[in-house]
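Hello,

Here is the structure I promised to pass on to you. Have a look at it first, and then read my notes below.

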Amino acid sequence: AALAIVSPGSSADDAKSAKAWAQLLDERRRALTKPSEALAQKALNAGVYDVAHEAMLDVLNFHPDHPTLHANLGLTLVDGRWYGPKDMVFVKAGWCWDLKLGWVIAKDRRRYDAGEYFDLQTKAWTTLSTADEVHGALTNPWVVQTEHIELHGTAKHADLVDAANRLEAFYAQIFANYARFFVKGVGDAKLVFGLLDHPRMNVNIARDLALYKASLPAGTDAGWSAGMWIPSANASFFYVDDVSVIYHEFTHQILHTFSGGNAAPAWLTEGAAVYTETPTWIDGRLKLGRFPPHSHVGSHFRLWAEGKAMPTDRLLSIVDYHDWSSATDPHPQYCAAGAMVNFCMEADNGKRRADFLDFLRDSYLGTDRGYALWQYLGVDRATFVHAFDAWCATQKS
């Protein structure tokens, strides 16, 4: 019946039909989004930020260009894409973001389609393959800026743009899942969507392992790493290999940057990063806390079934980073730490999540007053260890 309103006819009839359809669509959208808007506000006021995020996404599913919500988030719609305030500097200068090419000159799309590429750094037209050669050296790396991130790297431009797209989506989801960690007030929608204002985060991505090691600050031992967050340099460093390493280290960077330091025990710091390192796309959304078979968390369940997993008491005793990094085989401890955080965030419908995030925040800030994780969760150590071990025993790798 609704579709019947829009019928072919004269131009006057078409205009009338279009107006009727727009009115009907607006009414239906309001009816569909009103409950989710109310739930989002209620969740924000209660500090249940993950629920608030889901409710807001439901609103955007029904009304992708919801003007009030986007205005509250400080976003601007230009040619079908929403941009944050830092990105708008590029947009106002005549640029637009292309998911494969990064920033391109909007009025010159035909030149890009013909195989040309404008190098924003040299301010000259060239080809992307030639530009990749020019920026393949540490002395003249690519620089790609997005709303929250500044990427430097000798990797190919396509890889850097792909990383930028991934990290922006990941950044937003980190704030949605860990919002309670960042909270400084109640009811801030920008917090839930990761739109807090701050300087861009410095990320470096090298083309290969040799260039990765060469890009590290002087005196840094790369060891067996494929990437690392270096607080003294206020930057993270990777090479194009395993994207899970990039997600892992970028988690360290976000949590450290927004807490101003890290006084947390080693197992907790690493567990939080393992929890986020294998995000998956589900129904167009990036989800954290999933553990495909190749992940550290999935490996912990396999090791558990084989009787080779790191004992829980041993994991909780690794407080100092020297003890963590000196392990001959670090794999079991990463697996156990990731499983521990996954248990606190996801098990039993996430009932421990809020208390765990309070513990994570206070641990980073050094304000936990000596209270242990299980005390934050309201149980004794033996009860907590038993619950975690029992959960591990029921999981499949």
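A residue is called buried when its relative accessible area is under 20%, exposed when over 50%, and partly exposed in between (1.4 Å probe, protein chains only). This is a predicted model, in which local features need pLDDT of at least 70, side-chain atom pairs count only at pLDDT 80 or more, and totals for chains, interfaces and linings use all residues. Residues are numbered from 1 along each chain as its sequence is written, and side-chain values use heavy atoms, without hydrogens and water.

Let's start with helix α15, residues 331–350. Of its 20 residues, 15 are buried, so α15 is mostly covered. A kink of about 50° is centred on F343; the bend at a residue is the angle between axes fitted to the seven residues ending there and the seven starting there.

Helix α12 (residues 296–305) packs against α15 at about 105°, and their axes are 7 Å apart. The two are therefore roughly perpendicular (angles of 65 to 115 degrees count as such). Among the residues making this contact are H300 and F301 of α12 and Y334 and N342 of α15; contact means heavy atoms within 4.5 Å.

Now for a strand. Is L151 buried or exposed? L151 lies in strand β8, residues 149–153, and is buried, with a relative accessible area of 0%. Beyond its neighbours within four places in sequence, L151 is in contact with W142, V143, V144, L160, A163, A164, V203 and I205. One of these, A164, is 13 residues from L151 in sequence and 7.4 Å away in space, C-alpha to C-alpha.

Happy exploring!

Definitions and conventions
Axes are lines fitted to C-alpha atoms, for helices over the stretch in contact, and angles run from 0 to 180 degrees between N-to-C directions. Helices (H or I, at least four residues) and strands (E, at least two) are DSSP runs, numbered from the N terminus. Angles under 35 degrees count as roughly parallel, over 145 as roughly antiparallel, 65 to 115 as roughly perpendicular and the rest as oblique.
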